[in-house]
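Hello,

Here is the structure I said I would pass on. Please look through it first; my notes follow below.

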Amino acid sequence: MKRRQFLATGSLALAGCKPASREIDGGFTGVGFERGHRLRPASAGAPGAAQASPGEGLPTGSPAATRRVHTLIAGGGVAGLAAARALRQRGIDDFVVLELEDSAGGNSRGGQVNGIACPLGAHYLPVPGDEAHEVQDLLEEFGLRRRLAGRWQYDERHLCHSPQERLFFNGEWQEGLLPVQGVGAATLDQYRRFAERVRAAALATPFAMPAFRAPASAAHLALDAVPFQAWLDREGLNDPHLRWYLDYSCRDDYGAGLASVSAWAGIHYFASRHGFHAPGDDAGEREGVLTWPEGNAWLTRRMAAPLVEGAGGRLRAGRVVQRIEAGRQGVTVDAWDAATDTVERWQAVNCIVALPVFVAARVVVNAPDFLREAAARTRYSPWLVANLHIERALHDRPGAPPSWDNVLYGSASLGYVDAMHQNLQRVPGATVLTYYLALGDAPDNRLRLLQQPWSHWRDTIVAELSVPHPDLREKLRRMDITRYGHAMAVPVPGTLRNGHFQVRNRLSPASAGHEQLQEYERLTPSEGRLHFAHSDWSGYSVFEEAFTRGHAAAVSLRA
(Lines give C-alpha, C1' and ligand atoms only; values in the text may rest on other atoms or scores of the structure.)
Protein backbone atom coordinates (compact mmCIF):
# COMPACT_ATOMS: atom_id res chain seq x y z
CA MET A 1 0.00 0.00 0.00
CA LYS A 2 1.19 3.49 -0.75
CA ARG A 3 0.98 5.09 2.66
CA ARG A 4 0.30 8.54 1.25
CA GLN A 5 -2.85 7.31 -0.46
CA PHE A 6 -4.53 6.01 2.66
CA LEU A 7 -7.88 7.55 1.74
CA ALA A 8 -8.14 5.33 -1.31
CA THR A 9 -7.32 1.95 0.21
CA GLY A 10 -5.80 0.11 3.14
CA SER A 11 -6.52 -0.42 6.80
CA LEU A 12 -7.20 3.24 7.48
CA ALA A 13 -9.89 3.60 4.82
CA LEU A 14 -13.42 4.11 6.05
CA ALA A 15 -14.46 0.62 4.97
CA GLY A 16 -11.95 -0.88 7.37
CA CYS A 17 -12.87 1.25 10.40
CA LYS A 18 -15.15 0.10 13.17
CA PRO A 19 -17.47 2.74 14.61
CA ALA A 20 -16.59 3.86 18.11
CA SER A 21 -18.14 1.53 20.66
CA ARG A 22 -19.35 4.31 22.93
CA GLU A 23 -20.69 7.80 22.53
CA ILE A 24 -17.95 10.34 21.81
CA ASP A 25 -18.69 14.04 21.80
CA GLY A 26 -17.08 16.43 19.38
CA GLY A 27 -17.26 18.07 15.99
CA PHE A 28 -15.44 20.39 13.65
CA THR A 29 -13.92 23.49 15.23
CA GLY A 30 -11.14 26.04 14.93
CA VAL A 31 -11.52 27.25 11.34
CA GLY A 32 -14.58 28.77 9.71
CA PHE A 33 -14.53 27.59 6.10
CA GLU A 34 -17.58 29.69 5.37
CA ARG A 35 -15.73 32.98 5.82
CA GLY A 36 -12.86 32.11 3.54
CA HIS A 37 -15.16 30.60 0.94
CA ARG A 38 -16.98 33.91 0.63
CA LEU A 39 -13.99 34.99 -1.46
CA ARG A 40 -14.84 32.46 -4.13
CA PRO A 41 -15.77 34.36 -7.28
CA ALA A 42 -19.45 34.53 -8.07
CA SER A 43 -18.51 33.82 -11.68
CA ALA A 44 -15.44 32.20 -13.16
CA GLY A 45 -12.50 34.53 -13.56
CA ALA A 46 -8.77 34.63 -13.12
CA PRO A 47 -7.36 35.71 -9.76
CA GLY A 48 -6.09 39.26 -9.80
CA ALA A 49 -8.43 40.40 -12.54
CA ALA A 50 -8.34 44.09 -13.40
CA GLN A 51 -11.48 44.74 -11.35
CA ALA A 52 -11.63 42.54 -8.25
CA SER A 53 -15.24 41.86 -7.32
CA PRO A 54 -16.76 40.51 -4.11
CA GLY A 55 -16.98 36.75 -3.92
CA GLU A 56 -20.15 34.82 -3.43
CA GLY A 57 -21.90 35.76 -0.20
CA LEU A 58 -20.04 39.05 0.34
CA PRO A 59 -22.16 42.20 0.41
CA THR A 60 -21.84 44.78 -2.31
CA GLY A 61 -22.52 48.51 -2.35
CA SER A 62 -21.13 51.38 -0.34
CA PRO A 63 -19.15 50.55 2.81
CA ALA A 64 -20.88 51.14 6.13
CA ALA A 65 -17.86 53.03 7.47
CA THR A 66 -14.56 54.44 6.22
CA ARG A 67 -11.52 54.58 8.48
CA ARG A 68 -7.98 55.84 8.01
CA VAL A 69 -4.71 54.40 9.20
CA HIS A 70 -1.08 54.82 8.19
CA THR A 71 -0.33 51.12 7.62
CA LEU A 72 -2.80 48.31 7.21
CA ILE A 73 -1.69 44.69 7.69
CA ALA A 74 -3.95 42.22 5.89
CA GLY A 75 -3.65 38.90 7.70
CA GLY A 76 -2.99 38.10 11.35
CA GLY A 77 -0.94 34.93 11.04
CA VAL A 78 2.69 34.67 12.13
CA ALA A 79 3.89 36.98 9.31
CA GLY A 80 1.25 39.61 10.05
CA LEU A 81 1.96 39.54 13.79
CA ALA A 82 5.71 39.77 13.13
CA ALA A 83 5.11 42.81 10.92
CA ALA A 84 3.02 44.45 13.65
CA ARG A 85 5.75 43.83 16.21
CA ALA A 86 8.41 45.34 13.92
CA LEU A 87 6.28 48.43 13.30
CA ARG A 88 5.91 48.95 17.05
CA GLN A 89 9.68 48.58 17.45
CA ARG A 90 10.10 51.34 14.86
CA GLY A 91 7.75 53.58 16.83
CA ILE A 92 4.95 53.30 14.26
CA ASP A 93 1.71 52.89 16.21
CA ASP A 94 -0.77 54.01 13.57
CA PHE A 95 -1.55 50.59 12.08
CA VAL A 96 -4.31 47.97 12.11
CA VAL A 97 -4.23 44.21 11.55
CA LEU A 98 -7.24 42.60 9.86
CA GLU A 99 -7.68 38.89 10.62
CA LEU A 100 -10.24 36.50 9.14
CA GLU A 101 -10.62 34.22 12.18
CA ASP A 102 -11.82 35.27 15.63
CA SER A 103 -8.26 35.12 16.97
CA ALA A 104 -4.86 35.81 15.45
CA GLY A 105 -2.11 33.26 14.91
CA GLY A 106 -2.98 31.53 11.64
CA ASN A 107 -1.77 27.93 11.74
CA SER A 108 -0.19 28.62 15.15
CA ARG A 109 -3.36 28.99 17.20
CA GLY A 110 -4.42 26.98 20.23
CA GLY A 111 -7.56 25.93 22.04
CA GLN A 112 -8.91 23.87 24.92
CA VAL A 113 -10.75 20.58 25.20
CA ASN A 114 -12.54 20.05 28.50
CA GLY A 115 -10.26 22.58 30.17
CA ILE A 116 -6.96 21.18 28.86
CA ALA A 117 -4.93 23.47 26.59
CA CYS A 118 -3.91 22.02 23.24
CA PRO A 119 -2.65 23.16 19.83
CA LEU A 120 -4.89 23.70 16.82
CA GLY A 121 -1.92 23.63 14.48
CA ALA A 122 1.84 24.04 14.81
CA HIS A 123 3.02 22.59 18.10
CA TYR A 124 6.77 23.24 18.36
CA LEU A 125 9.65 25.48 17.35
CA PRO A 126 13.15 24.03 16.94
CA VAL A 127 15.76 26.02 18.82
CA PRO A 128 16.71 28.52 16.08
CA GLY A 129 20.19 28.82 14.66
CA ASP A 130 22.12 32.04 14.19
CA GLU A 131 20.64 32.60 10.71
CA ALA A 132 17.24 33.11 12.35
CA HIS A 133 18.42 36.00 14.54
CA GLU A 134 15.03 37.76 14.26
CA VAL A 135 13.38 34.73 15.88
CA GLN A 136 16.14 34.57 18.47
CA ASP A 137 15.38 38.18 19.40
CA LEU A 138 11.70 37.33 19.84
CA LEU A 139 12.56 34.44 22.17
CA GLU A 140 14.83 36.70 24.17
CA GLU A 141 12.03 39.27 24.46
CA PHE A 142 9.71 36.57 25.83
CA GLY A 143 12.31 35.41 28.38
CA LEU A 144 12.90 32.06 26.70
CA ARG A 145 16.62 32.55 26.33
CA ARG A 146 19.32 34.56 28.10
CA ARG A 147 23.06 34.90 28.02
CA LEU A 148 24.85 33.25 30.94
CA ALA A 149 28.63 33.28 31.28
CA GLY A 150 28.94 34.30 27.65
CA ARG A 151 26.69 31.52 26.33
CA TRP A 152 23.04 31.51 25.33
CA GLN A 153 20.83 29.28 27.43
CA TYR A 154 17.18 28.40 26.89
CA ASP A 155 14.66 28.14 29.68
CA GLU A 156 14.39 24.41 30.34
CA ARG A 157 10.75 24.74 31.35
CA HIS A 158 9.93 25.46 27.71
CA LEU A 159 12.25 22.93 26.09
CA CYS A 160 10.59 19.62 25.32
CA HIS A 161 10.90 17.37 28.33
CA SER A 162 12.35 13.89 28.04
CA PRO A 163 11.39 11.43 26.66
CA GLN A 164 10.81 13.40 23.49
CA GLU A 165 10.04 10.93 20.68
CA ARG A 166 9.11 7.32 20.17
CA LEU A 167 8.04 5.09 17.29
CA PHE A 168 5.57 2.18 17.30
CA PHE A 169 7.50 -0.33 15.22
CA ASN A 170 7.13 -4.10 14.90
CA GLY A 171 4.48 -4.26 17.61
CA GLU A 172 6.30 -2.27 20.30
CA TRP A 173 7.55 1.23 21.09
CA GLN A 174 11.17 2.22 20.48
CA GLU A 175 12.98 5.45 21.39
CA GLY A 176 13.42 7.93 18.56
CA LEU A 177 11.65 8.06 15.21
CA LEU A 178 14.26 6.37 13.00
CA PRO A 179 13.42 2.62 12.82
CA VAL A 180 16.28 0.75 14.51
CA GLN A 181 14.92 -2.16 16.55
CA GLY A 182 15.63 -5.38 14.65
CA VAL A 183 16.64 -3.78 11.34
CA GLY A 184 19.44 -5.44 9.40
CA ALA A 185 22.96 -4.39 8.52
CA ALA A 186 21.88 -3.26 5.05
CA THR A 187 19.42 -0.79 6.57
CA LEU A 188 22.02 0.60 8.97
CA ASP A 189 24.44 0.99 6.07
CA GLN A 190 21.90 3.06 4.14
CA TYR A 191 21.32 5.23 7.21
CA ARG A 192 25.06 5.95 7.28
CA ARG A 193 25.19 6.60 3.54
CA PHE A 194 22.34 9.09 3.68
CA ALA A 195 23.98 10.84 6.66
CA GLU A 196 27.15 11.18 4.56
CA ARG A 197 25.18 12.65 1.65
CA VAL A 198 23.60 15.26 3.92
CA ARG A 199 26.97 16.22 5.41
CA ALA A 200 28.56 16.45 1.98
CA ALA A 201 25.73 18.61 0.63
CA ALA A 202 25.96 20.99 3.61
CA LEU A 203 29.74 21.30 3.23
CA ALA A 204 29.54 21.90 -0.51
CA THR A 205 26.97 24.70 -0.31
CA PRO A 206 25.32 26.15 2.80
CA PHE A 207 21.72 25.49 3.82
CA ALA A 208 20.03 27.87 6.22
CA MET A 209 16.80 28.53 8.08
CA PRO A 210 15.33 30.88 6.92
CA ALA A 211 16.33 29.59 3.51
CA PHE A 212 17.06 32.94 1.84
CA ARG A 213 20.16 33.31 4.01
CA ALA A 214 21.73 30.54 1.93
CA PRO A 215 21.28 31.91 -1.62
CA ALA A 216 20.30 29.37 -4.26
CA SER A 217 23.52 27.94 -5.71
CA ALA A 218 23.99 25.74 -8.77
CA ALA A 219 24.00 22.72 -6.44
CA HIS A 220 20.75 23.86 -4.83
CA LEU A 221 19.12 24.35 -8.23
CA ALA A 222 20.20 20.88 -9.36
CA LEU A 223 18.54 19.37 -6.28
CA ASP A 224 15.50 21.60 -6.82
CA ALA A 225 15.01 20.20 -10.34
CA VAL A 226 14.07 16.64 -9.29
CA PRO A 227 11.72 14.99 -6.80
CA PHE A 228 13.36 13.74 -3.62
CA GLN A 229 12.27 10.21 -4.49
CA ALA A 230 14.07 10.35 -7.86
CA TRP A 231 17.23 11.63 -6.16
CA LEU A 232 17.12 8.75 -3.67
CA ASP A 233 16.69 6.30 -6.56
CA ARG A 234 19.73 7.77 -8.27
CA GLU A 235 21.78 7.48 -5.07
CA GLY A 236 20.74 3.86 -4.56
CA LEU A 237 19.04 4.70 -1.25
CA ASN A 238 16.09 2.35 -1.49
CA ASP A 239 15.79 0.83 1.97
CA PRO A 240 12.09 0.85 2.98
CA HIS A 241 12.81 1.90 6.57
CA LEU A 242 14.93 4.86 5.47
CA ARG A 243 12.35 5.79 2.85
CA TRP A 244 9.53 5.70 5.38
CA TYR A 245 11.41 7.98 7.77
CA LEU A 246 12.32 10.48 5.05
CA ASP A 247 8.74 10.45 3.78
CA TYR A 248 7.51 11.11 7.31
CA SER A 249 9.98 13.99 7.69
CA CYS A 250 8.80 15.64 4.47
CA ARG A 251 5.14 15.27 5.42
CA ASP A 252 5.97 16.79 8.82
CA ASP A 253 7.47 20.03 7.45
CA TYR A 254 6.00 20.21 3.95
CA GLY A 255 2.68 18.39 4.06
CA ALA A 256 3.62 15.97 1.24
CA GLY A 257 6.03 13.11 0.78
CA LEU A 258 9.05 11.95 -1.22
CA ALA A 259 7.32 11.82 -4.59
CA SER A 260 6.03 15.41 -4.28
CA VAL A 261 8.74 17.56 -2.72
CA SER A 262 12.03 18.44 -4.37
CA ALA A 263 15.34 16.88 -3.48
CA TRP A 264 16.43 20.34 -2.31
CA ALA A 265 13.56 20.35 0.21
CA GLY A 266 14.40 16.83 1.37
CA ILE A 267 18.04 17.70 2.03
CA HIS A 268 17.15 21.15 3.42
CA TYR A 269 14.98 19.55 6.12
CA PHE A 270 18.13 18.09 7.69
CA ALA A 271 21.03 20.26 6.47
CA SER A 272 19.46 23.56 7.58
CA ARG A 273 18.99 22.39 11.16
CA HIS A 274 20.16 19.30 13.00
CA GLY A 275 21.58 17.16 10.20
CA PHE A 276 20.86 13.44 9.92
CA HIS A 277 22.45 11.14 12.46
CA ALA A 278 22.69 7.42 11.84
CA PRO A 279 22.64 5.09 14.88
CA GLY A 280 26.00 5.31 16.62
CA ASP A 281 26.83 8.64 15.03
CA ASP A 282 29.10 10.70 17.32
CA ALA A 283 27.81 14.01 15.95
CA GLY A 284 26.27 14.85 19.29
CA GLU A 285 22.81 15.32 20.65
CA ARG A 286 20.05 16.61 18.40
CA GLU A 287 19.02 20.21 19.09
CA GLY A 288 16.09 20.72 21.40
CA VAL A 289 12.66 21.99 20.52
CA LEU A 290 10.52 24.52 22.31
CA THR A 291 6.96 23.39 22.95
CA TRP A 292 3.95 24.17 25.09
CA PRO A 293 0.60 22.50 25.85
CA GLU A 294 -1.11 24.93 23.44
CA GLY A 295 1.69 24.59 20.88
CA ASN A 296 2.99 27.67 19.09
CA ALA A 297 -0.08 29.58 20.25
CA TRP A 298 2.07 30.32 23.31
CA LEU A 299 4.12 32.55 21.00
CA THR A 300 1.39 34.04 18.82
CA ARG A 301 -0.81 34.98 21.78
CA ARG A 302 2.05 36.98 23.24
CA MET A 303 2.73 38.58 19.89
CA ALA A 304 -0.95 39.55 19.59
CA ALA A 305 -1.43 40.73 23.19
CA PRO A 306 -0.15 44.32 22.67
CA LEU A 307 -2.49 44.69 19.68
CA VAL A 308 -5.70 44.14 21.63
CA GLU A 309 -4.95 46.52 24.46
CA GLY A 310 -6.82 49.82 24.69
CA ALA A 311 -10.04 51.00 23.10
CA GLY A 312 -10.68 49.24 19.84
CA GLY A 313 -7.16 47.85 19.66
CA ARG A 314 -5.02 47.41 16.57
CA LEU A 315 -6.20 43.86 15.92
CA ARG A 316 -9.57 43.59 14.18
CA ALA A 317 -10.62 39.93 14.05
CA GLY A 318 -13.50 38.45 12.10
CA ARG A 319 -12.65 40.50 8.98
CA VAL A 320 -12.59 39.00 5.49
CA VAL A 321 -10.38 41.17 3.30
CA GLN A 322 -12.17 41.20 -0.05
CA ARG A 323 -10.49 43.98 -2.04
CA ILE A 324 -7.11 45.73 -1.97
CA GLU A 325 -6.46 48.53 -4.43
CA ALA A 326 -3.31 50.63 -4.51
CA GLY A 327 -3.20 54.14 -5.95
CA ARG A 328 -0.69 56.93 -6.11
CA GLN A 329 -1.80 58.48 -2.84
CA GLY A 330 -2.49 55.35 -0.84
CA VAL A 331 -4.22 51.99 -0.56
CA THR A 332 -7.94 51.23 -0.22
CA VAL A 333 -8.91 48.01 1.56
CA ASP A 334 -12.47 46.72 1.84
CA ALA A 335 -13.19 44.09 4.46
CA TRP A 336 -16.37 42.30 5.49
CA ASP A 337 -17.05 42.41 9.24
CA ALA A 338 -18.53 39.04 10.21
CA ALA A 339 -20.00 40.39 13.45
CA THR A 340 -22.04 43.16 11.82
CA ASP A 341 -22.39 41.68 8.31
CA THR A 342 -21.22 44.97 6.83
CA VAL A 343 -18.29 46.16 4.74
CA GLU A 344 -15.81 48.59 6.23
CA ARG A 345 -13.34 50.56 4.14
CA TRP A 346 -9.82 51.40 5.20
CA GLN A 347 -7.69 54.13 3.65
CA ALA A 348 -3.98 53.59 4.31
CA VAL A 349 -0.67 54.97 3.16
CA ASN A 350 0.81 51.46 2.90
CA CYS A 351 -0.48 47.91 3.07
CA ILE A 352 1.46 44.82 4.16
CA VAL A 353 -0.31 41.90 2.49
CA ALA A 354 0.37 39.01 4.88
CA LEU A 355 -2.05 36.68 3.09
CA PRO A 356 -1.42 33.35 1.33
CA VAL A 357 -0.49 34.11 -2.27
CA PHE A 358 -3.59 32.46 -3.71
CA VAL A 359 -5.78 34.75 -1.57
CA ALA A 360 -3.67 37.83 -2.26
CA ALA A 361 -3.90 37.23 -6.01
CA ARG A 362 -7.67 37.13 -5.76
CA VAL A 363 -8.21 40.28 -3.70
CA VAL A 364 -5.51 42.62 -5.07
CA VAL A 365 -6.86 44.72 -7.92
CA ASN A 366 -4.53 44.65 -10.94
CA ALA A 367 -2.39 42.04 -9.21
CA PRO A 368 1.25 42.31 -10.36
CA ASP A 369 2.59 39.55 -12.59
CA PHE A 370 4.90 38.15 -9.90
CA LEU A 371 1.92 37.67 -7.56
CA ARG A 372 -0.26 35.96 -10.15
CA GLU A 373 2.62 33.71 -11.19
CA ALA A 374 3.37 32.77 -7.57
CA ALA A 375 -0.29 31.95 -6.96
CA ALA A 376 -0.47 29.80 -10.09
CA ARG A 377 2.57 27.69 -9.21
CA THR A 378 2.10 27.30 -5.44
CA ARG A 379 0.67 23.94 -4.43
CA TYR A 380 -0.93 23.58 -1.01
CA SER A 381 -1.33 20.67 1.36
CA PRO A 382 -4.55 20.35 3.36
CA TRP A 383 -4.18 19.30 6.98
CA LEU A 384 -6.37 17.78 9.64
CA VAL A 385 -5.66 18.31 13.34
CA ALA A 386 -7.69 16.29 15.85
CA ASN A 387 -7.66 16.86 19.62
CA LEU A 388 -8.69 13.78 21.59
CA HIS A 389 -9.66 14.16 25.24
CA ILE A 390 -8.63 11.01 27.14
CA GLU A 391 -10.18 10.69 30.61
CA ARG A 392 -7.35 8.62 32.11
CA ALA A 393 -3.97 7.22 31.14
CA LEU A 394 -3.85 4.74 28.29
CA HIS A 395 -2.30 1.31 28.57
CA ASP A 396 0.86 0.99 26.52
CA ARG A 397 2.39 -1.70 24.38
CA PRO A 398 5.90 -2.79 25.47
CA GLY A 399 8.98 -0.69 24.85
CA ALA A 400 9.78 2.98 25.25
CA PRO A 401 7.72 4.97 27.77
CA PRO A 402 5.07 7.57 26.80
CA SER A 403 6.68 10.52 25.07
CA TRP A 404 5.75 13.96 23.81
CA ASP A 405 5.77 12.89 20.14
CA ASN A 406 4.37 9.44 19.32
CA VAL A 407 4.48 8.10 15.75
CA LEU A 408 3.24 4.86 14.18
CA TYR A 409 5.48 3.24 11.58
CA GLY A 410 3.73 2.79 8.23
CA SER A 411 0.96 5.22 9.10
CA ALA A 412 -0.23 7.94 6.74
CA SER A 413 -0.56 10.23 9.75
CA LEU A 414 2.14 12.03 11.70
CA GLY A 415 1.04 10.45 14.97
CA TYR A 416 0.16 12.50 18.04
CA VAL A 417 1.65 14.74 20.71
CA ASP A 418 0.59 14.69 24.37
CA ALA A 419 -0.60 18.09 25.62
CA MET A 420 0.15 17.18 29.25
CA HIS A 421 3.70 15.97 28.61
CA GLN A 422 5.20 19.31 29.68
CA ASN A 423 3.17 19.16 32.89
CA LEU A 424 5.47 16.55 34.48
CA GLN A 425 2.60 15.19 36.55
CA ARG A 426 3.68 12.26 38.71
CA VAL A 427 0.57 10.20 38.12
CA PRO A 428 -0.66 10.22 34.50
CA GLY A 429 -4.27 11.25 34.20
CA ALA A 430 -6.59 13.01 31.80
CA THR A 431 -4.91 14.53 28.79
CA VAL A 432 -5.42 15.66 25.21
CA LEU A 433 -3.69 13.87 22.37
CA THR A 434 -3.23 16.06 19.29
CA TYR A 435 -3.25 13.98 16.12
CA TYR A 436 -1.89 15.30 12.82
CA LEU A 437 -2.66 14.24 9.27
CA ALA A 438 -1.09 15.91 6.22
CA LEU A 439 -3.11 15.29 3.07
CA GLY A 440 -0.81 16.75 0.43
CA ASP A 441 -0.58 13.47 -1.50
CA ALA A 442 -4.09 12.10 -1.01
CA PRO A 443 -6.34 12.07 -4.09
CA ASP A 444 -9.08 14.72 -4.10
CA ASN A 445 -7.60 15.79 -0.76
CA ARG A 446 -9.25 19.17 -0.31
CA LEU A 447 -12.68 17.98 -1.41
CA ARG A 448 -12.55 14.93 0.86
CA LEU A 449 -11.45 17.03 3.79
CA LEU A 450 -14.41 19.34 3.28
CA GLN A 451 -17.09 16.76 2.50
CA GLN A 452 -16.31 13.81 4.78
CA PRO A 453 -18.37 13.98 8.00
CA TRP A 454 -16.79 14.28 11.41
CA SER A 455 -17.75 10.68 12.17
CA HIS A 456 -15.61 9.45 9.27
CA TRP A 457 -12.50 11.08 10.66
CA ARG A 458 -13.39 10.04 14.21
CA ASP A 459 -13.63 6.38 13.25
CA THR A 460 -10.49 6.52 11.09
CA ILE A 461 -8.43 8.03 13.90
CA VAL A 462 -9.81 5.72 16.59
CA ALA A 463 -9.05 2.67 14.41
CA GLU A 464 -5.45 3.77 13.88
CA LEU A 465 -4.61 4.73 17.46
CA SER A 466 -6.31 1.64 18.88
CA VAL A 467 -3.48 -0.48 17.46
CA PRO A 468 -0.90 0.74 20.00
CA HIS A 469 -3.63 1.66 22.54
CA PRO A 470 -6.37 -1.03 22.60
CA ASP A 471 -8.18 0.76 25.44
CA LEU A 472 -8.50 4.04 23.55
CA ARG A 473 -12.17 3.52 22.65
CA GLU A 474 -13.13 3.15 26.31
CA LYS A 475 -11.23 6.21 27.53
CA LEU A 476 -11.90 8.68 24.72
CA ARG A 477 -14.49 11.28 25.73
CA ARG A 478 -14.31 13.96 23.07
CA MET A 479 -12.68 14.64 19.70
CA ASP A 480 -12.51 18.14 18.19
CA ILE A 481 -11.26 18.31 14.61
CA THR A 482 -9.76 21.34 12.86
CA ARG A 483 -9.46 21.32 9.07
CA TYR A 484 -7.10 23.47 7.02
CA GLY A 485 -7.82 23.44 3.29
CA HIS A 486 -4.62 25.31 2.35
CA ALA A 487 -2.47 24.67 5.42
CA MET A 488 0.99 24.92 3.92
CA ALA A 489 2.85 25.44 0.67
CA VAL A 490 4.57 22.33 -0.72
CA PRO A 491 8.13 22.89 -2.06
CA VAL A 492 7.70 20.92 -5.29
CA PRO A 493 10.50 20.70 -7.87
CA GLY A 494 11.13 24.10 -9.41
CA THR A 495 10.37 26.09 -6.24
CA LEU A 496 13.83 27.68 -6.20
CA ARG A 497 14.20 28.07 -9.94
CA ASN A 498 10.75 29.64 -10.30
CA GLY A 499 11.84 32.45 -8.07
CA HIS A 500 10.36 32.08 -4.59
CA PHE A 501 13.71 33.31 -3.23
CA GLN A 502 14.67 35.30 -6.30
CA VAL A 503 12.53 38.39 -5.72
CA ARG A 504 14.23 41.37 -7.33
CA ASN A 505 13.23 44.75 -5.97
CA ARG A 506 14.61 48.20 -6.56
CA LEU A 507 16.55 49.32 -3.51
CA SER A 508 15.59 52.63 -1.93
CA PRO A 509 18.16 55.41 -1.53
CA ALA A 510 17.63 55.19 2.23
CA SER A 511 19.04 51.66 2.27
CA ALA A 512 22.41 52.66 0.79
CA GLY A 513 25.12 51.54 3.16
CA HIS A 514 22.69 49.59 5.35
CA GLU A 515 23.29 45.93 4.57
CA GLN A 516 20.50 44.60 6.78
CA LEU A 517 17.92 46.98 5.31
CA GLN A 518 18.99 46.07 1.79
CA GLU A 519 18.55 42.40 2.62
CA TYR A 520 15.02 43.05 3.88
CA GLU A 521 14.15 45.12 0.81
CA ARG A 522 15.36 42.35 -1.48
CA LEU A 523 13.42 39.81 0.54
CA THR A 524 10.08 41.61 0.40
CA PRO A 525 8.10 41.40 -2.86
CA SER A 526 6.55 44.82 -3.39
CA GLU A 527 4.58 46.82 -5.90
CA GLY A 528 4.25 50.49 -5.09
CA ARG A 529 2.53 50.80 -1.73
CA LEU A 530 1.85 47.07 -1.44
CA HIS A 531 4.38 44.92 0.42
CA PHE A 532 3.92 41.14 0.52
CA ALA A 533 4.86 39.02 3.52
CA HIS A 534 3.92 35.37 4.01
CA SER A 535 5.71 32.04 4.32
CA ASP A 536 4.36 31.19 0.85
CA TRP A 537 7.08 33.45 -0.57
CA SER A 538 9.61 30.98 0.85
CA GLY A 539 7.90 28.09 -0.91
CA TYR A 540 7.18 26.20 2.31
CA SER A 541 5.54 26.97 5.64
CA VAL A 542 7.40 27.07 8.94
CA PHE A 543 7.50 29.62 11.75
CA GLU A 544 11.00 30.93 10.99
CA GLU A 545 10.15 31.73 7.37
CA ALA A 546 6.83 33.43 8.15
CA PHE A 547 8.22 35.48 11.04
CA THR A 548 11.29 36.71 9.17
CA ARG A 549 9.29 37.75 6.12
CA GLY A 550 6.77 39.67 8.21
CA HIS A 551 9.58 41.37 10.12
CA ALA A 552 11.41 42.23 6.89
CA ALA A 553 8.33 43.78 5.27
CA ALA A 554 7.75 46.11 8.23
CA VAL A 555 11.40 47.12 8.63
CA SER A 556 11.79 47.94 4.93
CA LEU A 557 8.51 49.89 4.83
CA ARG A 558 8.97 53.58 4.18
CA ALA A 559 7.37 55.49 7.03
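In these notes, contact means heavy atoms within 4.5 Å. This is a predicted model, where local features need pLDDT of at least 70, side-chain atom pairs count only at pLDDT 80 or more, and totals for chains, interfaces and linings use all residues. Residues are numbered from 1 along each chain as its sequence is written, and side-chain values use heavy atoms, with hydrogens and water left out.

Overall picture: of the chain's 559 residues, 57% are buried (under 20% relative accessible area, 1.4 Å probe, protein chains only). Among contacts with a separation of 6 or more, 74% are between residues 24 or more positions apart.

The largest nonpolar core has 57 residues. Such a core is a set of buried Ala, Val, Leu, Ile, Met, Phe, Trp, Tyr and Cys residues joined through side-chain atoms within 4.5 Å. Phe194, Phe228, Trp231, Leu246, Ile267 and Phe276 have the most contacts inside this core. Leaving aside neighbours within four places in sequence, tryptophan 231 is in contact with Phe194, Arg197, Leu223, Val226, Leu237, Ala263 and Ile267.

Then look at arginine 213. Its side chain reaches the backbone oxygen of glutamate 131 at 2.5 Å. A polar contact of 3.0 Å also links the side chains of arginine 213 and glutamate 519; the term covers a pair of N or O atoms within 3.5 Å, one able to donate a hydrogen and the other to accept it within protein, and residues adjacent in sequence count only if both atoms are side-chain atoms.

Regards

Methods: Buried means under 20% relative accessible area, exposed over 50%, partly exposed in between (1.4 Å probe, protein chains only).
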